[in-house]
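User: I would like to learn how to read a ligand site and a few single residues in a structure. Could you take me through it step by step?

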Amino acid sequence: MREITYREAVREALREEMRRDPSVFLLGEDIAEFGGSYKVTQGLLDEFGPERVRNTPISEAAIVGAALGAALVGMRPVAEIMYVDFMAIAMDQIVNQMAKIRYMFGGKAKAPAVIRTQGGTGRSSAAQHAQSLEAWFVHVPGLKVVQPSTPYDAKGLMKASIRDDNPVIFLEHKLLYAEKGLVPEEEYVIPLGKADIKRPGKDVTVVATSRMVLKALNAAKDLEQEGIDVEIIDPRTLTPLDEDTILESVKKTGKLVVVHEAVRRCGIGAEIAATVAEKAFDYLDAPVKRVTALDTPMPFNPKLEAFVTPDEDKIKRAIRELVG
Amino acid sequence: MAVSEIGKDKLLHMYRKMGEIRVFEETAADLFMKGRLPGFLHSSVGQEASSVGACAALRPEDYMTSTHRGHGDIIAKGATLDRMMAELFAKETGYCKGKGGSMHIADLDLGILGATGIVGAGLPYAVGAALGFKMKGTDQVVLSFFGDGGSNTGAFHEALNLAAVWDLPVIFLCHNNQYAETTPQRVHQKIKDVAVRAQAHGIPGVTVDGMDVLAVYETTKAAVERAKKGEGPTLIESKTYRFMGHFVGDPGVGIYRTREEVEEWRKRDPIPNFRKVLIEAGVATEAELNQIDQDVAKEMEEAIRFAEASPEPELEEALQDIFVES
Ligand SMILES: Cc1ncc(C[n+]2csc(CCOP(=O)(O)OP(=O)(O)O)c2C)c(N)n1
Ligand SMILES: [Mg+2]
C-alpha cells in the first residue's frame, strides 16, 4: 500500500468528494491560489475552479454562516477556518445557529456542512494560535466532532463527514500534516462514531486523541521493554463517542489513562473519565489518570511550551504510576 | 504641514524611529531565517512611515493597539529594541517575559495596549479603552492599528459604530498594504478606499499617503485633536505596502504579487524619501542623518547582545500571570 501524508489524505478526500458530488465546494481564507495556510487545498483550484474553491475575506462569522446557509439549501460546503483559535469569532454561527437549527425547526432543516480547522502546539505559536478547543464543540448538542490522528483516518473520516447530513467540526493538527501513513488507493469511508484500537494490549487502557495518539504509541513501545502492555484507543470522533470500545477495553485492563493536548479542565478527558466511572466503576483497579496540557494559555517560549504540553515522558510516568 | 512647524527634534525623532523599525525588522528576519528565533514573524518593512507618522501624533499618555504585524507600530510608540528583541528570543527580559512573542508585545507603561494575533481584535478593546478615558474625564486618546484585511471583520464594523454613537476618543488607523496574506484588496473587498467605510458609521474617513510620514502625522494629529475635543472617532486609511512577504519565509512574490509591483513600491521607500525631505528643507545635514543611522545600528547591536545574554524564563513562569494573585 502507498504512503501519503496526512495533508495529502485530507486533500484526496476533498478531491474525491468534489468529483463525486457537484454540491460539495470549499470556502476559506487564502485557500485557492495559495492552497491554504497549511497547503491542504493546494491544487484544488486548478481542478475545480473559483466557483467551487472560494477565497473569502477575513470574516470567520460570515464564512461559517455562508457554509451553513448554503447547506440549508442543499449544498455541501467544506469551510476552512485557518486556526481553531479563530473559531471563537464564528461561535454564534456554530453554536446557536448551525448546531441547533434542525432541532429548533422541528426537524425540518438539515445542515450538511463541514468546518475544517487545525489546532495544536509545538511551533511556538503562542496563546492565540496553538489551542486545542475540541471540548467546546463537544459540549454543544447538534455538532459532530472529528479529530483524526493518522492519514488513513483523516481521509476516511473526511469523506464520511462530507457525506453526513449533519454539521461536522473536523479538527486537524498542525504537526500532523507532514506525518505519513498507509492509505489505500481504493475508495473507503470510515463511519463517524467508531473508535480504533491503535495498539492492542492487556495491562492498561490509554485513550488518546489527535497527535497524542502518536505520543502514546511511542510511549507504549518504550514501556513494552519494561513489560507493560498498553492498549491504545483513538476515539477518532468525539461526538458521537464510541463508548463501547473504551468500556470494553477498561473492563479488560482495569486501568485508564486519558491523554489529550487540550488543557485539563473540562477537557474531553473529563468526559471519558466520568463515563468510565459511571459505566465501568466496578472494573477499575485504580483511579483514572489524565495526561493533558497544564491549565494555562500557551506560552511562546519553546521550553515553556514543552513544559506545558503532554509528551511521551509524561504519558509513561502516568502509566507506570498506575501499573507499577 | 510645513516642516518648520513641526520642529527639528520631532522630525529627527521620526527619522530615527523609522530607521529603528527598518533595522529591527531586517535583523529579526535575518535571525529568523538562521533559525535563531522561535515561532513566526510578520515584517513591517515598507510601512515605517505609516507607523511612525501615526504614533508621532500621540502623546506618551495616549494608548494604541496593534496587530500581528506590530513591531513597527510598537517601536513607533516607544518600545525599545533591546526588550523587543529579547521577546523575539523568548527571553525573560522581553516585554512579555518570553511568553507573548512577536505577535503579542505590550507595555502598558508606554501606552502599548498590545498587539493581537487575531485579525480585527484590537479595535473593539481600543474602543473600550477610549470609553474608559472618556468616563474618567482624561483627555487621553486611543489609536488602533489594523490592516485592510482586518477591515472585513465584524469586529471592525461593530467597533466603529460603537465609537461613533458614543463619540469616543479613538482613531482607527488602517495600514492598507493592499494584501491580506495572499489575497489582494480587490479580491477581498469591492471598495478601493477603506476610508469610505467611515461613511457607513457617520464619522470622518480620510485616505492618506502612507509612504509619506509627514502626511500621516498631519492627518493623525487632526484626528487626535478632534478626539480630544470630544468630537469622536476618525477612520484613517494609510496607503502603504509591505516590502517583504506576509510572514518571514514567504517570498512575497510569485503566487500573489509580481516582482515588478514590489519594485515599483520600493521606489517609494519612505525612509530615503523622508531623508531627502529633511535635507532639502534644511532641517538636517547628511552628516547628522548619517550619525542617526549609526546610532541606530549601534542600538541594534546592543539589543541583540542584550537579548542573547538574557536568561530564559523559569519553567514555573508558564503557570504565572494567569490570574492576579491577591
Ligand atoms: C481572525 C483571524 N483570521 C485569520 C487570521 C490569519 N491571518 C493572519 S494575518 C492575516 C492577514 C491580515 O491582513 P491585514 O489585516 O491586511 O494585515 P496585514 O497582514 O496585511 O498586515 C490573516 C488572514 C488571523 N490571525 N485572525
Ligand atoms: Mg494588509
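Analyst: Let us begin with one contact in this predicted model: a polar side-chain atom of Asp148(B) lies 2.8 Å from an oxygen atom of ligand 1. A polar contact is a pair of N or O atoms within 3.5 Å; within protein, one must be able to donate a hydrogen and the other to accept it, and residues adjacent in sequence count only if both atoms are side-chain atoms. The protein covers 97% of the 580 Å² of accessible area that ligand 1 has on its own, with areas taken from the Shrake-Rupley method with a 1.4 Å probe, where for residues only the protein chains shown count as cover.

User: What should I know about numbering and about what is counted?

Analyst: Residues are numbered from 1 along each chain as its sequence is written, while chains are lettered from A and ligands numbered from 1 in the order in which they are written. Because the model is predicted, local features need pLDDT of at least 70 and side-chain atom pairs count only at pLDDT 80 or more, whereas totals for chains, interfaces and linings use all residues; side-chain values use heavy atoms, leaving out hydrogens and water.

User: Which residues come nearest to ligand 1?

Analyst: A residue is near a molecule if one of its heavy atoms lies within 4 Å of it. Of the 21 residues around ligand 1, the nearest are Glu60(A), His68(B), Arg69(B), Gly117(B) and Gly149(B). Since residues from chains A and B surround ligand 1, the site is shared between chains. In the side chain of Glu60(A), an N or O atom is 2.5 Å from a nitrogen atom of ligand 1, and a polar side-chain atom of Arg69(B) lies 2.7 Å from an oxygen atom of the ligand.

User: How do I tell whether a residue is buried or exposed, for instance Thr182(B)?

Analyst: Buried means under 20% relative accessible area, exposed over 50%, and partly exposed in between (1.4 Å probe, protein chains only). Thr182(B) has 10% relative accessibility, so this residue counts as buried. The side chain of Thr182(B) also makes a polar contact, at 2.5 Å, with the side chain of Asp30(A).

User: How does Gln291(B) count?

Analyst: With 40% relative accessibility, Gln291(B) counts as partly exposed. Between Gln291(B) and Trp265(B) there are 26 residues of separation in sequence and 27 Å in space, C-alpha to C-alpha. By contrast, Gly114(B) counts as buried, at 3% relative accessibility.
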